[in-house]
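Dear colleague,

Please find below the structure for your review. My notes on it follow directly after.

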Amino acid sequence: MRNILAIIERELRAYFSSPIAYVVLTIFVFLSGLFFRTILSQVLQMGLMAAMQAQQLGPRPMDMPGMISRGFLSTMSVILLFMIPMITMGLFSEEKKRGTIELLLTAPLTDVQVVLGKFLAAGTFFLIMLGLTWVPMSILYLYGSPASGPILTAYLGLLLYGLAIIAIGLFISTLTENQIIAAVISFGAIMMLWLVDVLASNAESGSKDVLTYLSILSHLDDFMKGVLSTSHVIFYLSLMLVALFMTYRSIDSLRWRG
Amino acid sequence: MIKVENLTKRYAAKTAIEAVSFEVQKGEILGFLGPNGAGKTTTMRIITGFMPASGGTVRVDGFDVFDTPLEVRRRIGYLPESPPLYPEMNVTGYLRFVAKIKGVPKDRIDSEVKRVMDRVSITDVKERIIAKLSKGYKQRVGIAQALLGDPPVLILDEPTIGLDPKQILEVRELIKGLAGNHTVVLSTHILPEVEQTCHRVIIIDRGRIVAVDTPQNLRFQLQGAERIFVEVAGPAGEVLAKLRATPGVINVRELNAQNGQHRFQIEGQLHKDIRSDLARVVVQSGWGLLELQSASMSLEDIFLKLTTAEEVEKSSN
């Protein structure tokens, strides 16, 4: 445990002593603010129209804070898809490039400790990003009273989704010495997992189910609606574990190939 | 302290080292001498557990490197060919990190970091960012990292590379000072370096050990003596005795054994070809003569590839 903590601490220090952390966080905060504002004005407009209709057809209840948070957090899931490869790209590729991988793999550490340390470091950074979405989200609580249940499940969904993507990025980072290549391949791989949804819409009924199941974003829908379903939790957890296991195997094969 | 037996590493296309066997006693400084690409780094990487061997075994302090890698790694301080440094960290922060992953107890980390910094004289740059250090300082931070936790075995891959002449002397003195309490294996392609620091030298070329000797004898070899390798299938003790008794033979040493096949290194008098005599002795005794090779020429070739003069290295800095 102490070994894992040492690796996490070093990685977090590395994030914040390079410009990457600041660039990623700044752009993330900027984009989340921008999208929040856009979604807010859209929902307000819809609210205005609903109010006008209500005069003719009678009042219909409308959960405005819920609509805003749902729209906003769904958008965040797409932005994270672009951001996470930036925080995983260097995790192993930089170690390989600098030769420090030789230090990690000859220290009295197990490969599992190395992989978990890196994974949890990126996970911690991701938590900081999620935390920053509370800057716009707090507005909902300041000026309204949103139902906390769906927001809680939405964050749980985002957390599981983010950790799964991080594990994929971590694995891809072991494959190359070049962090730009790692970022691009991770990005491509995650996009593929996202876009199988599009393929699914044209597919036949049998393969359609499989493709829909594989789509990394479709599993978020229920979380966003406030539904906590085990099958989605299992999907993200298994995706994460498979990617972590592949990372572990990749490090092992690194030793064999030298 | 270190026992290497029949170590072999094969890649898809080539064999990096083949049937390398040697032992290092506690407190000894062993030099690995060979041209670039001879297999020095590969051997060291296998001993430290960075990569597994294709065949053969390595034991450090009785622990097998493949079966009990963590026990072995706890006992080894390793300086890879390029020092494994994180450029964005400062020297103290880096050494504290290495101390932590090496399992130095929490309350001893500060004193341990201070100790190794004093040892390699880098205390004056302890707050500096590693990226901004000169090559010599970086190399010394790398050595400091290997010394953390006071491991009984030190594996140093080209420890003086990139240093200026004064620093080279300092590092050599440092390594000599480690002997006794530490077992040191260092690699180099500079002949005078092993003469000055090592108790024993292994010369390796194209993945095979071609000579094991003291630096003094090596110098003698360089001046010329016949060296012959013989591989015989037969009882080791008898073969050894008969070979020794052959006229013209100065010394015989067994290099390694595999399935009853024994490989010997024979030193013969200069300018006297004893190969036919050796062949006769083996065949007449009814043993199998598997290989007979004169190595004098190849040894010379290797020396030619080595940096034999310190001046060359200095001028390149």
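Helix α8 of chain A (residues 148-173) comprises 26 residues and spans 37 Å from its first C-alpha to its last, close to the 38 Å expected at 1.5 Å a residue; the expected span is 1.5 Å times one less than the number of residues. Helices are DSSP runs of H or I with at least four residues, numbered from the N terminus. Of the 26 residues of α8(A), 19 are buried, so this helix is largely enclosed by the rest of the structure (buried: 20 or more other C-beta atoms within 10 Å of the residue's own, with C-beta atoms placed from the backbone).

This is a predicted model, in which local features need pLDDT of at least 70 and side-chain atom pairs count only at pLDDT 80 or more, while totals for chains, interfaces and linings use all residues. Residues are numbered from 1 along each chain as its sequence is written, and chains are lettered from A and ligands numbered from 1 in the order in which they are written.

Regarding the two chains, 21 residues of chain B are in contact with 19 residues of chain A (contact: C-beta atoms, placed from the backbone, within 7 Å). On the side of chain B that touches chain A, the elements giving two or more residues are α2 (69-74) and α3 (91-101) of chain B. The largest share, four residues, comes from α3(B). That side divides into twelve nonpolar, four polar and five charged residues (nonpolar: Ala, Val, Leu, Ile, Met, Phe, Trp, Tyr, Cys and Pro; charged: Asp, Glu, Lys and Arg; polar: the others, Gly among them).

Yours sincerely

Methods
Buried ≥ 20, exposed ≤ 12 C-beta atoms within 10 Å, placed from the backbone.
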